[in-house]
Amino acid sequence: MKKNSQRVIMISGANRGIGKAIREKLQSENYLLSLGLRNPGAFRDSIEKHQTENVHLHQYDARDPESATSWVRSTLEHFGRIDGLVNNAGILHPMGLEDDREELLDDMWEVNAKAPLRLTRLTFPHLKKSGRGRVIDVISMSGKRVKGNWIGYSMSKYAALAASRTARMQGWDDGIRVTAICPGYVQSDMTLENAPNYPQEQMSRPQDLALIVSTLLQLDNESAIPEVMMNCVFEAM
Ligand SMILES: NC(=O)c1ccc[n+]([C@@H]2O[C@H](COP(=O)([O-])OP(=O)(O)OC[C@H]3O[C@@H](n4cnc5c(N)ncnc54)[C@H](OP(=O)(O)O)[C@@H]3O)[C@@H](O)[C@H]2O)c1
């Protein structure tokens, strides 16, 4: 089995929130990281130089298919291989059933559903070559059940879960293991903006999600975990 320092993991949206916690955890474990960021220049300026050692930065906007292609290509040029993909970047427009702003629906479809599928598709041939490829999709409990009135977000996350399950099936014979992580509320800008009445300290911590990602990357092909649900409040199953 390859050492962490020989395994290349791509992470989208690693500059803040859950993605940042995942990036910090995997950096502490010596993985080679390729980060897809909307503004890599600003990211580079905002962190210490030692934090970009063994880290490749590339411009990536989930709304721009060409940036996905060029990010994958540049990861291969830089590291020569891809062993894992963490589809983390996502958005929430809090639109409800009677909100007719379909452009918001389209935007969440683009960023939350189509973009992770695109990255999975582009990395799949390289994950197959790895023999131990991993795709970790940060979905949501909103992709599993409906609660409240965030219809567009839920629809996009249900679709993302369908894509994740398809990838799991299609990659199995080539050693690719795909996991959908489905948290409820997690401390981040997303919940600060969209769930301001729910105290942040009562939400799951991004570091706990990062711990899950780290564990998933360590598990052998024979110990695959299809889905992880994480709750900060009781939910009946
Ligand atoms: N927080 C929660 O309670 C919760 C619960 C379940 C699932 N999730 C999911 O977890 C993931 C991370 O969420 P978070 O809570 O960490 O949210 P966040 O703090 O709002 O961070 C979102 C991340 O996604 C990136 N992003 C957004 N739009 C993008 C685009 N068009 N192209 C590239 N990157 C883009 C952001 O980059 P910029 O800095 O450039 O905007 C940022 O890095 C999302 O998929 C979200 O749906 C969150």
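Helices (H or I, at least four residues) and strands (E, at least two) are DSSP runs, numbered from the N terminus. Residues are numbered from 1 along each chain as its sequence is written. The structure is a predicted model, in which local features need pLDDT of at least 70 and side-chain atom pairs count only at pLDDT 80 or more, while totals for chains, interfaces and linings use all residues.

**Figure 1. Elements and overall dimensions of the chain.** The chain contains 7 helices and 7 strands. Read from the N terminus, these elements follow the order β-α-β-α-β-α-β-α-β-α-β-α-α-β. The C-alpha trace spans about 50 × 40 × 35 Å along its principal axes. The radius of gyration is taken over C-alpha atoms, and the globule rule is 2.2 Å times the number of residues to the power 0.38. For 237 residues, a compact globule would have a radius of gyration near 18 Å, and the 17 Å of the chain agrees with this. A residue is called buried if 20 or more other C-beta atoms lie within 10 Å of its own, exposed if 12 or fewer do, and partly exposed in between, with C-beta atoms placed from the backbone. Of the 237 residues, 39% count as buried. Two residues are in contact if their C-beta atoms, placed from the backbone, lie within 7 Å. Among contacts between residues at least 6 apart in sequence, 66% join residues at least 24 apart.

**Figure 2. The shell around the ligand.** A residue is near a molecule or strand if its C-beta atom, placed from the backbone, lies within 6 Å of it. The ligand is surrounded by 26 residues, and the closest are G13, G17, A89, G90 and S188. Helices α1 (17-28) and α6 (189-194) each supply at least two residues of this shell. Ala, Val, Leu, Ile, Met, Phe, Trp, Tyr, Cys and Pro count as nonpolar, Asp, Glu, Lys and Arg as charged, and the others, Gly among them, as polar. On this basis the shell divides into 11 nonpolar, 10 polar and 5 charged residues.

**Figure 3. Helix α3 and its two sides.** The expected span of a helix is 1.5 Å times one less than its number of residues. Helix α3 (residues 65-79) has 15 residues and reaches 22 Å from its first C-alpha to its last, close to the expected 21 Å. Its residues A68, W71, V72 and T75 are buried. Seen down the axis of α3, the buried residues fall within an arc of 95° (the arc of the directions from the helix axis to the C-beta atoms), so they line one face of the helix. The cover over these buried residues includes β1 (8-12), β2 (32-37), β3 (55-59) and α4 (102-130). On the other side of α3, E66, R73 and E77 are exposed. Just after the helix, G80 takes a positive phi of about 85°.

**Figure 4. V8 in strand β1.** V8 lies in strand β1. This residue counts as buried because it has 23 C-beta neighbours inside 10 Å. Leaving out residues up to four places away in sequence, V8 touches L32, S34, T75, F79, R81, I82 and D83. V8 and E24 are 16 residues apart along the chain, and their C-alpha atoms are separated by 15 Å.

**Figure 5. Helix α5 and residue R177.** Helix α5 (residues 151-171) has 21 residues and reaches 30 Å from its first C-alpha to its last, close to the 30 Å expected. Its buried residues include Y153, K157, L161 and A167. The buried residues of α5 pack against α4, β5 (134-138) and β6. Strand β6 (residues 177-183) holds R177. R177 is buried, with 25 other C-beta atoms within 10 Å. Between the C-alpha atoms of R177 and A167, 10 residues apart along the chain, the separation is 8.6 Å. R177 touches R134, N221 and A224, when residues up to four places away in sequence are not counted.

Figure 6. N30 is found in the loop between α1 and β2. The phi of N30 is near 70°, a positive value in a residue other than glycine. N30 is partly exposed, with 14 other C-beta atoms within 10 Å. P196 is found in the loop between α6 and α7 (206-218). P196 counts as exposed because it has 9 C-beta neighbours inside 10 Å. P196 and F124 are 72 residues apart in sequence and 38 Å apart in space, C-alpha to C-alpha.
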